[in-house]
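Come along and check each entry with me.

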Amino acid sequence: MPSISNLYSIQEISHHSSNDDCWIVIDGKVYDLTSYLDEHPGGDDVILAATGRDATDDFEDAGHSKDARELMQKFYIGELDASSSAIPELKTEQLDDYAARVQGLAKQYWAAPVAMLGISVVIGWLFLRNK
């Protein structure tokens, strides 16, 4: 195992979150899993969903074996700098734009579902009245 002289901030780790450059934090240790993505038994998408952040809970929830824990040492590159506790800000512009468009459509086309509901109620009422 390399020495613990390499300290990485969570901001720096967050920049390594692609399938070409994949870092992950587990129990305060930083691992470069880029070369392991194709070999991971659970598929690369599982690792990619947890890259660039602390994935300790994800790792523990998966119930990894002792062999998997030993294999991790091969990918160890350093430690998480505990003094850099700031959480990187998520970019939500795209989500906000999508939500605004959905809201706009809901406001614009509210009459059609209301009309269908009204017609259904009237038809149901007429059907029950004729019985």
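**Entry 1: the outline.** I started with the secondary structure, and the chain has 6 helices and 5 strands. Helices (H or I, at least four residues) and strands (E, at least two) are DSSP runs, numbered from the N terminus. Reading from the N terminus, I wrote down the order β-α-β-β-β-α-α-α-β-α-α.

I noted that this is a predicted model, where local features need pLDDT of at least 70 and side-chain atom pairs count only at pLDDT 80 or more, while totals for chains, interfaces and linings use all residues. Residues are numbered from 1 along each chain as its sequence is written, and side-chain values use heavy atoms, with hydrogens and water left out.

**Entry 2: the whole chain.** What share of the 131 residues is buried? I found 23%. Buried means under 20% relative accessible area, exposed over 50%, and partly exposed in between (1.4 Å probe, protein chains only). The accessible surface of the chain is about 9,600 Å², and carbon and sulfur atoms hold 58% of that surface. Such areas come from the Shrake-Rupley method with a 1.4 Å probe; for residues, only the protein chains shown count as cover.

I also looked at contacts (heavy atoms within 4.5 Å). Of those between residues at least 6 apart in sequence, 70% join residues at least 24 apart.

**Entry 3: aromatic rings.** I reminded myself that a pair of aromatic rings is described by the distance of the centres and the angle of the planes. How many aromatic pairs does the structure hold? I noted 3. Rings of Phe, Tyr and Trp (its six-membered ring) pair if their centres lie within 6.5 Å; planes under 30 degrees apart count as stacked, over 60 as edge-to-face and the rest as tilted.

One of the pairs is Tyr-8 with Trp-23, edge-to-face, at 4.8 Å centre to centre and 70° between the planes. This pair links distant parts of the chain, with Tyr-8 in strand β1 (residues 7-8) and Trp-23 in strand β3 (residues 21-26), 15 residues apart. Tyr-8 and Trp-23 are both buried.

Next I looked up Tyr-36 and Phe-75, whose ring centres are 5.2 Å apart with planes at 45°, so I logged the pair as tilted. This pair also links distant parts of the chain: Tyr-36 is in the loop between β4 (29-32) and α2 (44-48), and Phe-75 is in the loop between α4 (66-72) and β5 (76-80), 39 residues apart. Tyr-36 is buried at a relative accessible area of 12%, and Phe-75 is buried at 8%.

Entry 4: I found Thr-56 in helix α3 (residues 56-61). Is Thr-56 buried or exposed? Thr-56 is buried, because its relative accessible area is 14%. Apart from neighbours within four places in sequence, Thr-56 is in contact with Val-25, Ile-26 and Asp-27. A polar atom of the Thr-56 side chain lies 2.7 Å from the backbone nitrogen of Asp-27.

Asp-27 itself sits in the loop between β3 and β4. Asp-27 is exposed, with a relative accessible area of 51%.

**Entry 5: Gln-73.** My last stop was Gln-73, in the loop between α4 and β5. Gln-73 is partly exposed, with a relative accessible area of 30%. Gln-73 and Lys-29 are 44 residues apart in sequence, and I noted 9.8 Å in space, C-alpha to C-alpha.

Conventions
A polar contact is a pair of N or O atoms within 3.5 Å; within protein, one must be able to donate a hydrogen and the other to accept it, and residues adjacent in sequence count only if both atoms are side-chain atoms.
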